[in-house]
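Here are a few exercises on side-chain packing, each with a worked solution. Have the viewer open and try each task before reading on.

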Amino acid sequence: MLKRVAILANGGDVSGFNAVIRAILKTAENNGVECYGFIDGYRGLLKNNYVRLSTSGDGNAVGILPKGGSIIGSSTNANVFQYPVEEDGKKVYKDLSDICVENIKKDEIDCLFTLGGDATQKSARDLSLKGINVIGVPKTIDNDVACTEITFGYNTAVSVAADALDRLHTTGETHHRIMVLEVMGRYAGWIALESAIAGGADVALIPEIPYDINSAARKVINRKNRGKSFSVVVVAEGAKPIGGDISVANVRDNGAGVDNTKLGGAGERVAKELEKLTGLEARCTVLGYMQRGGTPTAFDRVLSTKYGSKAMELALNGDFNRLAVIKDGRLSSVPLEEVVGNNKVIGAVSGNTPESNIRRVTMDHDLVKTARHIGINLGD
Ligand code: F6P
């Protein structure tokens, strides 16, 4: 019998965090289960900092469905298996996961819901090996969590990017310019690819296809020769030229086991090179955190609600240590063991790195085929 459950939201925020929290909470309340929220992701679990969640009266979870962000915060740099602590004036990394395990036992939490991407689910799986009941819910605007077809937050990010592309179209057309839009996507180009299709872009450069800038330039020149003196180009922040490197803005020391290197500059680089090669003026816009904030789309509200209620259903059935997923378009779940793939060592590099078991764009995917059919240049 479940009595008490707790939720933590971890990693970069997305629109839909609150909708998942609400769905878990409502399903819990409807089944007589108490629901708590740890504040600021795994950091809250480590510090045992939590609140009771409630949708009744003026409870803290009233009216949160359309609200961006997370009412219980989130953290992008709290790997409890390699946590930064000061020792003799020096920063060292320690495995503090046993403190988390003790807190969960002390608080008598029967199941912990971990809302997050690959790093979050890697730590969740590692906690499950220490005897904690966990259930993961796949979040990230990058849409790159393994074993599921879609993560919550992704659809909102694509919608924001498509809207930006519509706006760049009219200004680009007016001034006969190449308009470059840099979108998020470190190791997976889903946002760039799907928003390019939704926004009618001419070129889309994604991390999975190292690009030849001459190929993109040819597309722009061909358009110019056909009387279209402007072009719209989408660049994923993780796109890189053939034989070249990813564009890094700054390397942040956010803790061992998590790669939080701040990417930046990929779009500007492409804009400068296209300007040189085509003779057209180019301008770059970096969409950045606009993709993560604000109200979720109706699609994300529904997806988040489905995920949250499924996660609680799994808990009620005692089906722990699984990730709620969408498979063949339907709600399902898989063991967290499958989600971490070969990254199995407890506390090993946890997420957002090339080693992570993430879901990348494959060349036989419908979106790639569609883009090619309608003439979107993918830089190859
Ligand atoms: O992982 C999701 C993501 O949106 C990436 O696309 C991006 O590189 C990263 O978060 C940036 O997050 P932050 O600056 O908050 O660490």
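This is a predicted model: local features need pLDDT of at least 70, side-chain atom pairs count only at pLDDT 80 or more; totals for chains, interfaces and linings use all residues.

**Exercise 1.** Which residue lies over the face of F230, and at what distance from the ring centre?

*Solution.* R223 sits over its face, 5.0 Å from the ring centre.

**Exercise 2.** How many aromatic pairs does a search of the whole structure find? Take Y36 and Y50, and work out how their rings are arranged.

*Solution.* Step one: the search turns up three pairs. Step two: for Y36 and Y50, the ring centres are 5.6 Å apart and the planes meet at 85 degrees. Anything over 60 degrees counts as edge-to-face, so that's what this pair is. Step three: Y36 belongs to strand β2 (residues 34-38) and Y50 to strand β3 (residues 50-52), so the pair ties together parts 14 residues apart in sequence.

**Exercise 3.** Are Y36 and Y50 buried or exposed, or in between?

*Solution.* The cut-off for buried is under 20% relative accessible area. Y36 comes in at 8%, so Y36 is buried. Y50 has 34%, so Y50 counts as partly exposed.

**Exercise 4.** Where does the largest nonpolar core lie relative to domain 1 and domain 2?

*Solution.* Start with the 65 residues of this core: I7, F113, L115 and F152 touch the most other members. Helix α5 (residues 154-175) is the top contributor, giving seven residues. Now check the domains: domain 1 (4-152 + 296-340) and domain 2 (157-292 + 363-373) both supply residues, so the core lies between them.

Notes:
Residues are numbered from 1 along each chain as its sequence is written. Side-chain values use heavy atoms; hydrogens and water are left out. A nonpolar core is a set of buried Ala, Val, Leu, Ile, Met, Phe, Trp, Tyr and Cys residues joined through side-chain atoms within 4.5 Å. Buried means under 20% relative accessible area, exposed over 50%, partly exposed in between (1.4 Å probe, protein chains only). Helices (H or I, at least four residues) and strands (E, at least two) are DSSP runs, numbered from the N terminus. Domain bounds come from an automatic or database domain assignment. Rings of Phe, Tyr and Trp (its six-membered ring) pair if their centres lie within 6.5 Å; planes under 30 degrees apart count as stacked, over 60 as edge-to-face and the rest as tilted. A charge sits over a ring if NZ of Lys or CZ of Arg is within 6 Å of the ring centre and within 35 degrees of the ring normal.
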